[in-house]
Amino acid sequence: MSQIIPIGADHAGFQLKSEVIKHLEFKGYEVKDYGCYSEESIDYADFGHPVADHVEANEGSKGIVICGSGNGINMTVNKHQGIRGALCWKKEIAQLAREHNDANILTLPARFISVEEALEMVDIFWNTAFEGGRHQNRIDKIPMCK
């Protein structure tokens, strides 16, 4: 597979990130791990911004970020103009995030989902296409003027 998948997490998401990386690599994807690299306490923004930068710089790409609740790192990536990060805790939300919102970063709340749920959402996120149509009109209204 040619697309590189960027992934980043804070200390609370470190273990889940490791499982997601193994899963993606088993499926043949190349993964760029932006950290963190241990369960030592760190700041989620330091690992969310590089993932968002990667996705913005590579049109059509998607990424994954993980923190304890998912909220902090999702807020971080959504500060980037070209990012539509979706905090997902159920497979149906992951599917709708792609179909209706053309989400390009999947955010996972490590403390609130199982590894199995996370991997299922990763697969759904990667295999679900954006529907376009009326949803494109809504997405076009998301960016703010500077």
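## A walk through the sheet and its helices

All five of the five residues of strand 5 (residues 105–109) are buried, so this strand is largely enclosed by the rest of the structure. Buried here means under 20% relative accessible area, with exposed over 50% and partly exposed in between (1.4 Å probe, protein chains only). Strands (E, at least two residues) and helices (H or I, at least four) are DSSP runs, numbered from the N terminus. Before going on, a word on the source: this is a predicted model, in which local features need pLDDT of at least 70 and side-chain atom pairs count only at pLDDT 80 or more, while totals for chains, interfaces and linings use all residues. Residues are numbered from 1 along each chain as its sequence is written, and side-chain values use heavy atoms, with hydrogens and water left out.

Let us stay with strand 5 for a moment. In a regular strand the side chains alternate between the two faces of the sheet. Here both faces are covered: Ile105, Thr107 and Pro109 are buried on one side, and Leu106 and Leu108 on the other. Strand 3 (residues 63–67) pairs with strand 5 in the parallel sense over five bridges, and Ile64 stands opposite Leu106. Strand 4 (residues 85–87) also runs parallel to strand 5, joined to it by three bridges. There, Ala86 stands opposite Leu106 and Leu87 has Thr107 as its bridge partner. To get from strand 4 to strand 5, the chain passes through helix 4 (residues 91–99) in a right-handed β-α-β crossover; right-handed means that, with the strands pointing away from the viewer, the path from the first strand over the helix to the second runs clockwise.

Contact means heavy atoms within 4.5 Å; axes are lines fitted to C-alpha atoms, for helices over the stretch in contact, and angles run from 0 to 180 degrees between N-to-C directions. The buried residues of helix 1 include Phe14, Leu16, Val20 and Leu24.

The largest has 27 residues, and Leu16, Val20, Leu24, Ile64, Ile66, Leu108 and Val122 have the most contacts inside it. Strand 1, helix 1, strand 3, helix 4, strand 5 and helix 5 each supply at least two of its residues, with helix 5 giving the most, seven. Apart from this core lies another, of nine residues, among them Val51, Val55, Ile73 and Val77.

Gly35 counts as buried because its relative accessibility is 0%. Leaving aside neighbours within four places in sequence, Gly35 is in contact with Ile7, Gly8, Ala9, Lys17 and Phe47.

Notes: Pairing = 2+ DSSP bridges. Core = buried A, V, L, I, M, F, W, Y, C linked by side-chain atoms within 4.5 Å.
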